[in-house]
Amino acid sequence: MAEFQPVLLTLPSLSPALVMEVLPYGLTFHRIIVQADGRTHDIVIGPEQPDGHVTQKYTNTIIGRYANRIPVGKHALERNGVRAEFEAQANESPRVSLHGGPSGFNTRTWSLIDITPSSSSPPSLFSKTELAHLSPSNYPSNFGLFRYTSPDGEQGYPGELLVEALVALVPPAEQDKTYLRPGENKTEEEYNLGSIVYVYRAKVNKGVTPVNLTNHWGFNLDASLKENDKLADVRSHTLKMKADRIVARDADSLNTNNFISTSSASAHNHNGKKIGEDYPEAGYDDFYVFQPQKINIPKRLPLSSLTDSLDLVKDLLTPAKNSSQTSQTSSSSSSSRGARTDPVVELASEKSGLKLVFDTNQSGAMFYSNGLSKATSGARKKIHGGSGIKDHGDAYEPGTAAFLEFHDILSAFLDPANKNKEDTLLTSDELYNNYVRCDVMFKEPVPAQRSA
């Protein structure tokens, strides 16, 4: 079926360092292939077959209309005097509506937008200036534009919501490369292999509605090494998060509108230590709020700003330099980023030498270590040492992925302190704009790490 036919995105090269397969079903990042050091890595977990995402839910898919958990029932909505009513539908439990309800955006088929000059339905939430940064030759090539229209009342959400998504691969800037010689153990330079960018935009046709989108991607940077029968888990990965608190949640993981400081909970102080250090018994499933920083690319702006000259993607699509090219001064590093925020999350593996560096305009990220997974349920990709067969007993186990879901605070519209501010509500005169950029870095592992 067309909804499970991957849209291939690739950097221009005979041997591209970065390739993605994007499925129209759930706008799913089915594969993210990284070529480094003569090895091929698929850095996201998931089923072997594209249609496996129907039952292996929330694996590298978009989440919407609302990420994470909302209390089931009717809720009065108000933003800037605009009112509506919303009824959250149960799916995770009688008290909890998870990831947009029983049939969220992860179950919908997204259409690839026709960007040819003769298109009868061109992109409407990206400006002419922004589209000019994208080369239409051989489209889709290194980018794709996708669309879904959510009907008024879908899963209880008010208003018709038009959503358009840009998914793009960005090549690295030119860089000199040197490699370890035989017998050398010194740490060599870190190189940029390219970047993954997604931009989610939305507008509602009337009133006000909750909107809080994310991609539910799960990473394992060692999964493709296949050096033994057991799948490498992520507890040996290092994680750095510039977060100062986590959301305090109740027994059903609903937001209590309270917070826990990461400085008072060592397990949640991810300062570059290994994930397995201070690892909770049940693993991680927590929302981290980033430390305050200036956001130059707004997450919500007046719809009237969407003119031909609007440009919020230029800096997102600018090639990144490697660490040595930006480490001389903090000001030079900042200027090379343009309007992008500073990095907020870094996930790295010494064994594979891969590192992911994320920046975003969202206020936090959910970190989930795949604690609810079972080897008996679902399938594991063949490139990760699995059979690729559903329910074959060799699927992913707890601790085998780091899901990093960038979005705003869950159920923020239920906290009176957020009224008319960061409330995750969108009115009909506003444009929703959510971006995440992931720079894929590589540092050649020393032999001891490579063979470990």
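Is E430 buried or exposed? At 9% relative accessibility, E430 counts as buried, where buried means under 20% relative accessible area, exposed over 50%, and partly exposed in between, with a 1.4 Å probe and protein chains only.

Good morning. The structure shown is a predicted model, in which local features need pLDDT of at least 70, side-chain atom pairs count only at pLDDT 80 or more, and totals for chains, interfaces and linings use all residues. Residues are numbered from 1 along each chain as its sequence is written, and side-chain values use heavy atoms, with hydrogens and water left out.

Let us stay with E430. Its side chain meets that of R79 in a salt bridge of 2.9 Å, N to O; the term denotes a side-chain nitrogen of Lys or Arg within 4 Å of a carboxyl oxygen of Asp or Glu. The two partners are 351 residues apart, E430 in strand 28 and R79 in strand 7. Strands are DSSP runs of E, at least two residues long, numbered from the N terminus. R79 is also buried, at 6% relative accessibility.

E430 has a salt bridge with R300 as well, at 3.8 Å, N to O. R300 lies in strand 22, so this pair ties together parts that are 130 residues apart in sequence. Both R300 and E430 are buried.

A further example is R108 with E154, whose closest N and O atoms are 2.8 Å apart. Here R108 is partly exposed, at 21%, whereas E154 is buried, at 11%.

Across the whole structure, a search finds 31 salt bridges. In general, side chains of opposite charge can pair when their charged atoms come close.

Note on methods
Helices (H or I, at least four residues) and strands (E, at least two) are DSSP runs, numbered from the N terminus.
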